[in-house]
Amino acid sequence: PLGIEKIGNILAEHGVERFSGNPPQFSSSERKFILPDSGHESHFRKAQEALGMRFEWKPNHDGKLPDSMFSVCGQWFIVEHKHMKEPGGGQDKQVVEIADFIRNDESSRGVHYVSFLDGIMFNQIFTDTASGKMLTQKTSIERMLSQCKSNYFVNTFGFIKLIQALTD
């Protein structure tokens, strides 16, 4: 919930409004966001249908919905957020999950996947001195991004820069 709230606050600060009411109209001028995992599941399903999205990540992750979906300039961004402070244990599984999120490629539909890794774990993975499991994770993430060029893997700073680039 705190991560979803953080995403909503960043979007709102940059003129992307939380959607309320009927499902979004999917217009190119709309700057709205929905929270599929926090009450907007039906809106997400309607967006999925209207945009012809496959969203293949969901069946492979126990039916989990993304944390947020927003539209700016006719482009749609589906966001999965994780906050991680340290490696090991269940954290490794979460890194694999968030890395797998950007494997989806629906750029032909104007849909982009954004993995938002919040916390110091991002810096530990993307340091020049990463080794072992973190180096493997970094290499995997970079490979997926090179295959799906319209997707993003960001930390808080990167997420804010992405939103600024889209809304300014």
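## Pairing around strand β5

In this predicted model, strand β4 (residues 75–83) and strand β5 run parallel and are joined by eight bridges. One of the pairings links Glu80 to its bridge partner in β5, Ser115. Strand β5 also pairs with β6, again in the parallel sense, over three bridges. Here Phe116 has Val154 of β6 as its bridge partner. Strands of a sheet pair through backbone hydrogen bonds, in either a parallel or an antiparallel sense.

Is strand β5 enclosed or open to the outside? Eight of the eight residues of β5 (residues 111–118) are buried, so the strand is largely enclosed by the rest of the structure. In a regular strand, side chains alternate between the two faces of the sheet. Both faces of β5 are covered: Val111, Tyr113, Ser115 and Leu117 are buried on one side, and His112, Val114, Phe116 and Asp118 are buried on the other.

## The sheet as a whole

The strands form an open sheet of six, in the order β1-β2-β3-β4-β5-β6, with mixed pairing. At the edges stand β1 (17–18) and β6; each has a single partner strand, so one side of each is left without a neighbour in the sheet.

Strand β2 (residues 32–34) and strand β3 (residues 68–72) pair in the antiparallel sense over three bridges. Within this pair, the bridge partner of Phe33 is Phe70 in β3. Helix α2 (residues 41–51) packs on the sheet and touches β2, β3, β4 and β5. The direction of α2 makes about 50° with that of β3.

## Helix α5 and its two sides

Helix α5 (residues 132–147) has 16 residues, which at 1.5 Å a residue should span 22 Å. The C-alpha atoms at its ends are 23 Å apart, which agrees with that expectation.

Which residues of α5 are buried? They are Met134, Gln137, Lys138, Ser140, Ile141 and Met144. These residues cover an arc of only 165° around the axis, which puts them on the same side of α5. On the other side of the helix, Gly132, Thr136 and Gln147 are exposed.

## Aromatic contacts

A search of the whole structure finds 10 aromatic pairs. In one of them, the rings of Phe122 and Phe153 have centres 6.1 Å apart and planes at 20°, so the pair is stacked; planes under 30 degrees apart count as stacked. Phe122 belongs to helix α4 (residues 120–125) and Phe153 to strand β6 (residues 152–154), so the pair ties together parts that are 31 residues apart in sequence.

Phe122 counts as buried because its relative accessibility is 12%, and Phe153 counts as buried because its relative accessibility is 10%; the cut-off for buried is under 20%. Elsewhere, Phe70, Phe77, Phe116, Tyr152 and Phe159 form one aromatic cluster.

## The overall arrangement

The protein contains six helices and six strands. Along the sequence, they follow the pattern α-β-β-α-β-β-α-β-α-α-β-α.

Of the 168 residues in the protein, 49% are buried. Among the contacts with a separation of 6 or more, 64% are between residues 24 or more positions apart.

Note on methods. Residues numbered from 1 in each chain as written. Predicted model: local features only at pLDDT ≥ 70, side-chain atom pairs only at ≥ 80, totals over all residues. Heavy atoms only, no water. Phe/Tyr/Trp six-rings, centres within 6.5 Å; stacked < 30°, edge-to-face > 60°. Helix = DSSP H or I, 4+ residues; strand = E, 2+ residues; numbered from the N terminus. Buried < 20%, exposed > 50% of the residue type's maximum accessible area, 1.4 Å probe, protein only. Pairing = 2+ DSSP bridges. Expected span 1.5 Å × (residues − 1). Arc of directions from axis to C-beta. Contact = heavy atoms within 4.5 Å. Axes fitted to C-alpha atoms, helices over the stretch in contact; angles between N-to-C directions.
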